Amino acid sequence: MTVTIKDVAKRAGVSPSTVSRVLSGHPRISVETSRKVKVIMEEMGYHPNMMAKSLVSKTTNSICIILPKPAEELFSNLFFMELIRGVVTQASRSGYDVLISSGANEKEELEAASRLLKGRRVDGVILLYSRKDDAVIDFLENNGYPFVLVGRSDRYENILSVDNDNVMAAYDATNHLISMGHERIGFVSGPQNLIVSRDRLEGYRKAMQSNGLDMRPEWIVEGEFLQDSGYRAMSFFMNLPNRPTALVVVDDMVAFGVLRGLNELKYSVPEDLAIVSFNNIPLSELSNPPISSIDIGIYHLGYTASQVLIQGIQKAAIGAGYTNRFVIPHRLIIRESSMHSLSKK
């Protein structure tokens with residue numbers, strides 16, 4: 001039989017309204033009474049009716065992660081798994097549930113956001129990365145819905161966002177290869193409609209320009225954040241008459257594809273081609289050879305995104321110096337894939 005508020009009140013020797021106030025955290029309920037009621041709830045196995053509670057409070061204590069692609073494709077990249085782990089950990093500690101929704105394209109993502117927010121099924125949304133002219137961000141911003149972007153928007157400067165300095169991160173990755181004596185450095189990019197891809201490409205370009213090095217158009221290859229993109233890029237790069245001696249790769253999963261392609265073509269890393277990539281997922285240390293990678297604090301990105309969204313939903317007190325943009329520090333983890341020095345010619 002389902003335990004009700006009246007059952008809990010009877011056992012605790014208080015009124016049902018007192019039990020309701022304990023559930024809502026009413027300030028007039030003493031600490032002693034609140035503790036007593038909560039112990040009895042646990043003993044009796046009472047669980048509040050969250051749907052009824054949400055009708056009264058007009059909140060759901062739920063947030064949503066909207067995935068930018070079909071889930072089966074994204075979950076093949078450990079970056080998203082670690083990011084979601086950070087979101088869920090912090091949300092759980094704050095008493096929030098996390099829903100996950102996905103769309104095969106921008107239209108489906110927009111429909112998901114509209115359905116969940118207009119239907120009052122969630123209190124806010126986390127977007128995992130942004131595109132140029134992003135219709136989902138336009139919808140959320142123009143309708144005043146709480147949301148946090150993991151990344152940055154090139155249209156809205158004041159939205160809540162959690163990001164890395166991806167320009168500087170790519171600059172550091174490229175400079176590391178230059179410090180090892182490489183002058184012919186290529187770049188394997190993600191889709192250029194994604195802000196993160198554009199920022200990392202910009203950092204690569206700045207490092208090459210500041211060191212007076214040539215950037216040939218054929219040394220930049222665009223693909224997806226998938227292993228196959230790196231694999232296909234190798235067939236192109238290694239057939240160039242003046243091929244690069246090193247690569248900056250936009251993502252560790254793409255770098256695994258680079259390694260697979262080089263292995264099939266009988267090239268060695270880092271002797272024939274040095275590699276630095278991004279994200280520092282655990283497998284990057286276990287690959288053969290271990291991959292040098294920019295650690296962007298994936299878990300911290302997700303944890304912080306969840307934290308600032310829930311603070312925004314609850315309209316938590318904000319102190320002086322508050323910013324809408326939170327930048328997570330990065331660091332270069334140097335491993336075998338980039339440790340072969342070349343003498344500059």
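**Salt bridges in a predicted model**

**View 1. The side chains of Arg155 and Asp138 form a salt bridge, with N and O 2.9 Å apart.** The structure shown is a predicted model. Arg155 belongs to the loop between β4 and β5 and Asp138 to helix α8, so this contact ties together parts of the chain that are 17 residues apart in sequence. Asp138 has a relative accessible area of 17% and is therefore buried, the limit for that class being under 20%. Arg155, by contrast, is partly exposed, at 43%.

**View 2. Arg155 also forms a salt bridge with Asp133.** The closest N and O atoms of this pair are 2.9 Å apart. Here the two residues come from distant parts of the chain, 22 residues apart: Arg155 from the loop between β4 (147–150) and β5 (161–163), and Asp133 from the loop between β3 and α8. Asp133 is partly exposed, with a relative accessible area of 45%.

**View 3. Glu109 and Arg131 are joined by a salt bridge between their side chains.** The N to O distance is 2.7 Å. Glu109 lies in helix α7 (residues 106–118), whereas Arg131 lies in the loop between β3 (124–127) and α8 (135–142); the pair links distant parts of the chain, 22 residues apart. Both Glu109 and Arg131 are buried.

**View 4. A network of salt bridges links Glu106, Glu109, Arg131 and Asp134.** In the whole structure, a search finds 12 salt bridges.

Methods:
Residues are numbered from 1 along each chain as its sequence is written. This is a predicted model: local features need pLDDT of at least 70, side-chain atom pairs count only at pLDDT 80 or more; totals for chains, interfaces and linings use all residues. Side-chain values use heavy atoms; hydrogens and water are left out. A salt bridge is a side-chain nitrogen of Lys or Arg within 4 Å of a carboxyl oxygen of Asp or Glu. Helices (H or I, at least four residues) and strands (E, at least two) are DSSP runs, numbered from the N terminus. Buried means under 20% relative accessible area, exposed over 50%, partly exposed in between (1.4 Å probe, protein chains only).
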